[in-house]
Every structure is written in structure tokens, then in C-alpha cells.
Amino acid sequence: MILNIPNKKDLKFVLFGHGHNICYFAKLLIKNGFKKPVIITHPRKDHERDRRLLNSNKKLYEYVFDVAKDLKIKVLETNSANNKKALKFIQTQRCNVGFSFSCRSILKKEIINQLSGRIFNIHPSLLPKERGGGTFSWRILQSKKNISGTIHIINEGIDEGAIIIQKEKKLNISKPKPVNFMIETNYLFKKLLNDFLNNINKNNSIKINKQKNSESSYLPRLYAEVNGAINWSMSGNEIEKFIRAFSHPYSGAFTHVRGEKVYIYDAKFIKTKKKNHPFMTGRIISTSKIYGSKVLVKDGILIIKTLRYRNKMINTSDFLSVVDMFSTPMDIIYKSTTSVVKVSKMT
């Protein structure tokens, strides 16, 4: 299958979304002699969660409003990229091609038709596998270490459009956290985006391949603030992976001790021959400033050195004692496993 593209001099991109990669692509378009793009993004106030979690690391995040100001790019803030305001903006700016970068709206038929079906998206998996969000946390939970990316056409489904280009590599870190996946994926995305523009520079058409739905899989987006509740009935290895899955740059997996909520980013699991009774799991059996606190789980011991309490990172020995126990109320665990949170509410 072939998708026809206007000549480079006639192309004008509208970019949907936010974050590191939309900023990189805007700069790349200008560097390669394309017309200055315009950007449609969600309201500024809804960017604050990402700024809080990611802004300290330039390999992870750039603030789209700062970059747009530097590049003198027009930006539309809107609650939905599908409303009349967004459509009029695309029309007035005479855009004829689009690219989505973590856009918070699933783009609908009217917008797709306005751009003659020429809207692209970049996704951090080898589609049709791993459609949806929360990709890196899900990979950690499944003990996967692949870094991958796909540029594909957008249709009205979720990550279902025809594929243009894909890449994959291995992550060589023994116990990765989401931050490790993010940094390496951003490097891979840069290669994909450069290849994509080079192809447009050389040709007026793009070869596309239809996805095989029989090979597809989907998992929803995750939010540490809601989905990161630790279930102490899991095995030690499962708890250790769960903690990593919601670790940096996210807000951490959470549990309770003495009725207070605490967040954990790192844990080491030591498997023992002796099994512990479920009544014992979560109990602290020793604390040390040097070695951390030992916590019983059903098949061994977790060692936790630090935790976050009331927005401060502290040594567990300064907070825990051997009479303490980690536990998470069952209603919170149920909410954690069943909730799918809307992006706009996580600010």
C-alpha cells in the first residue's frame, strides 16, 4: 500500500500532543527546511504533572510552551483536539499533514479527513503488540527488556493504523526502571523520526503495511498515584518488580504503615527456603541505617533502604521499627487493579 504525500515545500505539519519528542520533531522540521509547524496541546494547567515528574531531566522532557516560544511556533491550547476550535485552527493555519506525540485525545474522523488521512503517530512498541499506554511499567511487570518504536498512520482506533517504519533493540540493564526505558526509547524515536523525514525528502509517497489484528495486544495506561498500590500477598519477586514498575520518574509504589501513606522506589528481594505465613507478610523484622529495613514476604525478605514520606526521602531506619508493618487496605488494592484513570484528571 502507498500513501501519497505533497511535495516538501507544500507540506505544513500540525503537531498534536506534548513532551520531549514533539519538541524534538518541531526543531527537526525547521532544521530540514520544512515550513514551521503549529501545535495543538491540552491546557497549560494539565501539563503540570509531567513537569513535576519529568522536568529535571532534559533527556526525558521538554516543556512544549517554552520550545514553541523559542521557535516562534503558534500553539493552540484546548481540552479536545477534536473540537471545532481545533478544526478551525488547522484550517486557518493551512495544515495538510499531522503528527501525534502522546496526544491526550483519540483523533476522530473529522480531523483525520481534514488532513486527508495524513496523520501519523509514534508509539513505543512493535505494533500491533502492546497497543495502549503504560508500556514501560507493563514491560517491567512482564520481565521484558525490549526498546521499540513504530511510526504509523492514525485511524479512529487505538494504535491500529497502518505501519510505516519500526525499530527495536535490547535494554542492557539488569533491573530497569521506567526512566531507563524512557531515555533509551527517546534515542530510538529520534532515529525513527529522522528516517521518516528523510523518506519524505526523497519521495512523494510512503509505503505502508496494514497491521495484523490477530497478533495485537492491548493494556491500558497506568498512573502510579492510583495503580501503584502494593499488594503484600504477592511473592517477593513480584513485589520487587511492582515497585520498579512505578519507580522513577513516577511517584512510586505506595503502601501504609501506622496509618500513614509512604512511597517506595527501590527494593531488593532475597529468596529463602523457609516460607512465611500470610499473617507475617509486610512485617518489619529489623532495621539498619547501613543495610536498610528487612520486610517479610511470603517467600523471603525484601530489603528497603529509603522511602518517601510527606514528600521527603528518608532512610527507613529513621522511620520504621520492628513493631511496624506495611499493609495496604483491600479497597485501595481493588481500586488500584481495576481503575483506568482519564489523563486529564492526573494533573
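Reply: Lysine 289 and aspartate 318 are both exposed. Exposed means over 50% relative accessible area, buried means under 20%, and partly exposed is in between (1.4 Å probe, protein chains only). The model is a predicted one: local features need pLDDT of at least 70, side-chain atom pairs count only at pLDDT 80 or more, and totals for chains, interfaces and linings use all residues. Numbering runs from 1 along each chain as its sequence is written, and side-chain values use heavy atoms, with hydrogens and water left out.

The side chains of lysine 289 and aspartate 318 form a salt bridge, 2.7 Å from N to O. The term requires a side-chain nitrogen of Lys or Arg within 4 Å of a carboxyl oxygen of Asp or Glu. Lysine 289 sits in the loop between β15 (284-288) and β16, and aspartate 318 in the loop between β19 (312-315) and α10 (330-338), so the bridge ties together parts 29 residues apart in sequence. Helices (H or I, at least four residues) and strands (E, at least two) are DSSP runs, numbered from the N terminus.

Next, aspartate 50 and arginine 104. Their side chains meet in a salt bridge at 3.4 Å, N to O. Aspartate 50 belongs to helix α2 (residues 48-54) and arginine 104 to the loop between β5 (97-101) and α5 (109-114), so this pair ties together parts 54 residues apart in sequence. Aspartate 50 is buried because its relative accessible area is 10%. Arginine 104 has 25%, so it counts as partly exposed.

Then aspartate 195 and lysine 167. Their side chains meet in a salt bridge of 3.3 Å, N to O. This pair links distant parts of the chain, 28 residues apart: aspartate 195 is in helix α7 (residues 178-202), lysine 167 in strand β9. Aspartate 195 is partly exposed at 31% relative accessibility. Lysine 167 is partly exposed too, at 28%.

There is also a network: salt bridges link Lys175, Glu240 and Arg244. By the rule used here, the count is 17 salt bridges.

Aspartate 299 lies in the loop between β16 (292-297) and β17 (300-304). With a relative accessibility of 9%, aspartate 299 counts as buried. Its side chain reaches the backbone nitrogen of glycine 236 at 2.9 Å. A polar contact is a pair of N or O atoms within 3.5 Å; within protein, one must be able to donate a hydrogen and the other to accept it, and residues adjacent in sequence count only if both atoms are side-chain atoms. Leaving out residues up to four places away in sequence, aspartate 299 touches Ser235, Gly236, Phe269, Ile270, Lys271, Thr272 and Lys275. Contact here means heavy atoms within 4.5 Å.

Last, confidence. pLDDT is the predictor's confidence in each residue, from 0 to 100. The protein chain averages 93, and 98% of the residues score at least 70. Residues 343-347 fall below 50, and that stretch has 13 contacts in the model beyond near neighbours in sequence. Where pLDDT is low, the predicted coordinates should not be read in detail.
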